[in-house]
Amino acid sequence: LTVTGLEALLGDIGLQTPIPHFAEADVLNKPRDIARSYFADILSSLVGGDPANAYNSIQWPSNIDNGDLAAILPKLSHGADYHALALDLITKFPECPLFIRRPFEEGMHLRMFYQPRTLPRLVLSYINDRKQSYGRDASLGLHHLTSPESGRKRLVIEFSSPNIDSEFQAKHLRSTILGASIASIYGSMGWDVTKINYLGDWGKPLGLLGAGWEKFEPEGQFQADPLRHLFDVYHKTYERFEPEQAAYKKARDEGKDPAELETQELFAERNAFFKRMEDGEEKALAFWKRVREINIDSYNQLYSRLNISFDEYSGESQVSQETMAEVEDILKNKGICEADGPSWIIDLKKFTKKAGREIIRDRTGSSTYMLRDLAAVLDRDRKYSFDKMIYVVATDNKDHFSRLFKILELMDLPDLAGKLEYVSFSGVSQMSKKLGRGHTPDDILDQCQAAMRTSLKENPEKATLLGSTEETVASVGTTALLAQELSARRANDHAFDISHMTSFEHGTGPDLQYWYARLCSVLKTAPDPVELSDEDFASLREDGVTNVLRLLATYPEITNSTYRNLEPVTVMAYLASVTDHLSSCFEGIEESDGITPVQATLFEATRTVLENGMKLVGINPAIH
Ligand code: ARG
């Protein structure tokens, strides 16, 4: 689609004047900007003044019941008598093929609807021309918006990042799904995206697991189901460790020095094991390596079932020793960190409003979570020279990230700190409670898919359309989970409600797949395409159909706001509103009789938008 092509299309609906030019309008990506440009042009010719001001006074109503465009009267003309102004505009409004005959007044707004007669030709031709690229704006990822030669911006995005010492938790699942979705959104907006999985595969927790393993598995043999066996040992070890931890906390809270306690029992064994790992002792490393491999195998199975992949499997263990030493030097030379007995710490109250101690090296000389994260930033910056790096991590890491960014600033790396973004979400979920202790990543999807198999049996008419093969069960079952995770705002807790997610209630993943399948199925009865007349398009003037068309026209704004707010729920809620209006498009259609060419155009465009939206957030259509 070019501006010339667009103007020819507008000529077909009786609009002969060239598209009025506005700097902010993006008529080749957003069909609504066409209407906005003409509306602004008409308004500014009626009220006078700067046309750009008229353009900026126009808003999109948040709900299609409130019209398609709304000019805010006080913005359009400051200090006027708004009611008189509205009346005047309504009376003088010229006929325009894009709009109904006259706008109407409501509060401070002058509202306008599209003309149902011309809407179908414009919207359907537009979408069926743009196809997969409808809703994508590849220029957003360019260094200079208008020049492709400037090259693409690079995003590094870190997500999933489970800990290899224990179960794959709900927060990791959510990070995985949200992260993959955000990566896909950036990719579709033209960014060059690198996806990193930063495993929690180093540090004291592994020391504790190692110590527990030597205690409870003196033979050191893994059993048939090594992962469950490992989690077993993990839980046994924690049962022993918890009272020690509680005593430690109690001592600290009572103002005593708890250091002494760290030299006893599991505390001491944990530290010793981790020290052996840091010193590269063979036996300790062999255990660690095995644990890492078993877990990575199981993660990979989960990721592939979810259709998610990474460009790099990194992890806390992979951060370079040299970079950590470099970070430490900077911190010491700039007087940011100081010795505290044998440890090195940052006394945060010297630099921030909040008090606290951030340990950089502990009393045994071991690196810490923070030191590894600081060094990882430098490593990644050198490796990828990113323009932006996003961390998709639960809110339990909130303080950690604000400290991390603050310390980078103190290190005189404000440019680097400014490129980092922490995308947080609530880690609270019913998942672990529902799956029980010791669950493996596979259990998560196994349960969703088992419930999906039942749900398809209970809904035979849906199953006829979707199929009930194991392949369908797997792909719709996966969609059920993805859709549920993506349909909550990030800050909200999630229910992990398997029976609801696998149901065909409005807005669930299976419901979305059902509507998609229904479109595919009806399109099979479509005749060969023909040149469509005004009369053909005029048959799409039913209210229900008009509402679907009005929604389809808003899709590019939906993807744009999702790109800005990083809330995939924006897309999910939109797709649910499209399917909500869709049944009216099927009224009066006997699928066995086949559909008309113009109906085929409508269903094709709708299918495109559903498919683009699903793929944008990481859901694959079950039917191809
Ligand atoms: N493994 C951590 C956890 O489970 C998340 C890692 C977050 N990323 C980071 N760079 N610190 O809480």
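Reader: Asp412 lies in the loop between which two helices?

Author: The loop joins α14 (398-410) to α15 (414-418). Helices are DSSP runs of H or I with at least four residues, strands are E runs of at least two, and numbering starts at the N terminus. Residues are counted from 1 along each chain as its sequence is written. The model is predicted, so local features need pLDDT of at least 70, side-chain atom pairs count only at pLDDT 80 or more, and totals for chains, interfaces and linings use all residues.

Reader: What is the phi of Asp412? Is Asp412 buried or exposed?

Author: Phi is positive, about 70°, although Asp412 is not a glycine. For burial, count other C-beta atoms, placed from the backbone, within 10 Å of the residue's own: 20 or more is buried, 12 or fewer exposed, in between partly exposed. Asp412 is exposed because its count is 12.

Reader: Where is Leu566, and what is its phi?

Author: Leu566 sits in the loop between α23 (543-565) and α24 (569-582). Its phi is positive too, about 50°, and Leu566 is not a glycine. Leu566 is partly exposed because 19 other C-beta atoms lie within 10 Å.

Reader: How do I read the length of α2?

Author: Expected span is 1.5 Å times one less than the number of residues. Helix α2 (residues 31-47) has 17 residues. It reaches 25 Å from first C-alpha to last, close to the expected 24 Å.

Reader: How many residues of α2 are buried, and what follows the helix?

Author: An α-helix has 3.6 residues a turn, so residues three or four places apart point the same way. In α2, 12 of 17 residues are buried. Among them are Arg32, Asp33, Tyr38 and Phe39. Gly48 follows α2, with a positive phi near 80°.

Reader: Which residues surround the ligand?

Author: A residue counts as near if its C-beta atom, placed from the backbone, lies within 6 Å of the molecule. Here the shell is Glu158, Ser161, Asn163, Tyr198, Gly200, Asp373, Tyr391, Val393 and Asn397. For classes, Ala, Val, Leu, Ile, Met, Phe, Trp, Tyr, Cys and Pro are nonpolar; Asp, Glu, Lys and Arg are charged; the others, Gly among them, are polar. The shell divides into 3 nonpolar, 4 polar and 2 charged.

Reader: What does the whole chain look like?

Author: It has 25 helices and 14 strands. The C-alpha trace spans about 85 × 60 × 45 Å along its principal axes. Of the 624 residues, 41% are buried.
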